[in-house]
Amino acid sequence: MTLLRVNNLAIDVVRDGEDCHLVHDAHFSVDRGETVAIVGESGSGKSLTALAIMGLLGEGLSVSGGQILFEGQDLTQIGPQEHNALRGRGIAMIFQEPMTSLNPVRSIESQLTEGMRLKMGLSRRAARARALDLLNEVGISDPERRLRQFPHQLSGGMRQRVMIAIALSCEPKLILADEPTTALDVTIQAQILALTSRLCRDHGVGLVLITHNLGIVARHAQNVAVMYGGRVVERATARQLYREPQHPYTQGLLASVPRLDLPRDIPLQPVPGAPPDPMEHVPGCRFHPRCGKATEICAQKIPGFATSDGHEVACWHSGFGTPNAEDPAA
Amino acid sequence: MTFERPLLEVDDLHVSFPIRQGMLQRTVGEVRAVNGVSFSVRRGTSFGLVGESGCGKTTVARAVLKLVEPSDGVILYDGRDISRMDAAATQRFRGRVQAVFQDPFSSLNPRMSIGRIIGEPIRVHGLKPDSEVRSEVLRLLDICGLPGRFADLYPHEMSGGQRQRVGIARALAMNPELIVCDEAVSALDVSIQAQIINLLEELQKELGLTYLFIGHDLSVVRHICDDVAVMYLGRIAETAGSDELFATPRHPYTQALIDAVPNPDPDVEAGRVIEPLQGEVPSPANLPSGCLFHPRCPIATSRCRQEAPSLEKAAPAHAVACWEAGASRQAALTSSPKKTISQGAAP
């Protein structure tokens, strides 16, 4: 059974009494021990999708359609208590900002052992012993001393290692990592990602890596979902996506990043314009106002997926033939 | 080849900040943020300073902008020592050197319209009569790819990329020669970042601008800059032309930085053997002995722990501060299949 399968997920926000779609159609799946990347720019809905899986959508936000199947159980249908039981043990999350996601007034020990005591029922002593093991495993030296310290006494890289230890503490089956290294220096970023990938592989944990960095995706992910304006617009293995990107947005992203492994004078070809405001209604394909290939149909109907060899793309003009139209209400 | 005087020459720059403690705020030590940095920037080119947080790159930029006082060393702008300029010369200098900052949210005054933000330097320096300021603002907006109606908007009404264009338009208002870009594209989304990089490059070509480009993203710095210096803990570890530096890095730190950057290509990545650099950057308040990089260096010897290497010429226009530079180059050439470009051009 697939560990996590997200189908046609829609997330709404209520503003001024009106429902507005922020995420329209997220869909992807993750297996045990596999790393799936969700790529997108700010406002593409990638973080909201992760929060919906965790059952942590904020006030005014709600799942309005689709399914989140975790080990076959639909998380959109369960109550807050069941979701709470699942967090930590079933699914854990690593957030972007290790400074704001750790509690500044509680020691590392109390934050690291909290989940183990509440969710796994470990005694204080057993939880502490496991905490020391975990700190060793994430490469923190002198763990005895670190347990007594507070977040401000740790560097950014160290704090993120603690976050990883917390995520692993209750032996989850799935970890969601939302831009886990964006705030870190490149050498620390490389350390943290190598560590996260290795631990997930060793423990057979599925990893959803949310990022805007196409290099990180290429180095760490086996499968990729590209999100734009609240929709997954392309889904493929990493190799397919980089070799034969089908969606004009994916192609634009790849042509936008300077690369160290290619000659320096290759000009960048940015996508013109800016991503849509998530609250704004765009008829048809959400990318069409920025798309060089857009035609009349793109402005009228939302493309469904055309598929070839497991590679899916939602575009009227891809190499995979013409897709069906999506139900515009979806 | 002509021997034109560089537009900017930084010679043995030191900047220290006192550490104060206690009720009387007594000075108990100092942070040596910049510790003997020298480089020069040729007119019409881009010079990049790369490094991780705390390496002193922003402090160098601030010293060049005359926003912090160096504790030692000389900064020559167009041959003149910027610390010895009188008020009038400083005023002129501030017009010729402008800055674009990282965060387009906090570097624009939220209570001023875009037209006032861009028009203010023009008025203050009296570059145009008041009646022509508006049309000058519209011209600058146009150069930076923004429609004229933006002059009446406020920063909060614009996206990050648009705001960064306003920051660039404001810098251009003074008709500068040198623009210091401090992480100017770091906070932007990928597709927007490429637009701003292209804009900076076009402006350089059209207006003959010189850039001092501060960044931490190696691929962006390599793309924009003709020459690059890699900084570590307040010192330059290695400096060379951009192509040469990235093709044949000689300092193990440069090599580690390049290794840490993942390429957007799964096949290239699958073929790379990468040992991430261990450890973290030490505190600049408590510097290591000898070579500052030795605690993290995979090839450090006992000499590295005791003596600090100076920046020595390793090839024409390529200098490196490492006792084992030859050895690390060998390692670099064997460990990484993509480093096939031969040793820099012979003189």
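How many helices and strands are there in chain B? I counted twelve helices and twelve strands in chain B. For chain A I also have twelve helices and twelve strands. I took helices (H or I, at least four residues) and strands (E, at least two) as DSSP runs, numbered from the N terminus.

Conventions. I am working on a predicted model, where local features need pLDDT of at least 70, side-chain atom pairs count only at pLDDT 80 or more, and totals for chains, interfaces and linings use all residues. Residues are numbered from 1 along each chain as its sequence is written, while chains are lettered from A and ligands numbered from 1 in the order in which they are written.

Entry 1, overall dimensions. I looked up the box of chain A, whose C-alpha atoms fill roughly 65 × 50 × 40 Å along the principal axes. The C-alpha trace of chain B spans about 70 × 55 × 45 Å along its principal axes. The radius of gyration is taken over C-alpha atoms, and the globule rule is 2.2 Å times the number of residues to the power 0.38. For the 330 residues of chain A the rule puts a compact globule near 20 Å, and the 21 Å of chain A agrees. For the 347 residues of chain B the rule also gives a value near 20 Å, and the 21 Å of chain B agrees.

I found chain A divided into domain 1 (32-54 + 80-90 + 174-313) and domain 2 (98-169); the bounds come from an automatic or database domain assignment. The centres of these two domains, taken over C-alpha atoms, are separated by 30 Å. Their contact takes twelve residues from domain 1 and ten residues from domain 2 of chain A. I count two residues as in contact if their C-beta atoms, placed from the backbone, lie within 7 Å. On the side of domain 1 of chain A that touches domain 2, helix 8 (residues 186-203) gives the most, with six residues. By class that side has eight nonpolar, three polar and one charged residues. The classes are Ala, Val, Leu, Ile, Met, Phe, Trp, Tyr, Cys and Pro as nonpolar, Asp, Glu, Lys and Arg as charged, and the others, Gly among them, as polar.

In chain B, 20 residues of domain 1 are in contact with 20 residues of domain 2. Strand 2 (26-41), helix 7, strand 9 (227-232), strand 10 (235-241) and helix 8 of chain B each supply at least two residues of the domain 1 side. Strand 10 of chain B gives the most to that side, with seven residues. I sorted the domain 1 side by class into twelve nonpolar, four polar and four charged residues.

The axes of helix 4 (residues 108-119) and helix 7 (residues 156-168) of chain A come within 8 Å and cross at roughly 25°. That makes helix 4 of chain A roughly parallel to helix 7 of chain A. Axes are lines fitted to C-alpha atoms, for helices over the stretch in contact, and angles run from 0 to 180 degrees between N-to-C directions. Angles under 35 degrees count as roughly parallel, over 145 as roughly antiparallel, 65 to 115 as roughly perpendicular and the rest as oblique. I listed A:Ile108, A:Gln111, A:Leu112 and A:Gly115 in helix 4 meeting A:Val162, A:Ala165 and A:Ile166 in helix 7. This contact of helix 4 with helix 7 of chain A has five nonpolar, two polar and no charged residues.

I found 38 residues from chain B and 36 residues from chain A in the contact. Helix 6 of chain B gives the most to the side of chain B that touches chain A, with seven residues. That side of chain B divides into 18 nonpolar, eleven polar and nine charged residues.

Helix 11 (residues 248-256) of chain A and helix 6 (residues 190-207) of chain B have axes that come within 9 Å and cross at roughly 50°. The contact is made by A:Gly252, A:Leu253 and A:Ser256 on helix 11 of chain A and B:Val190, B:Ser191 and B:Ala194 on helix 6 of chain B.
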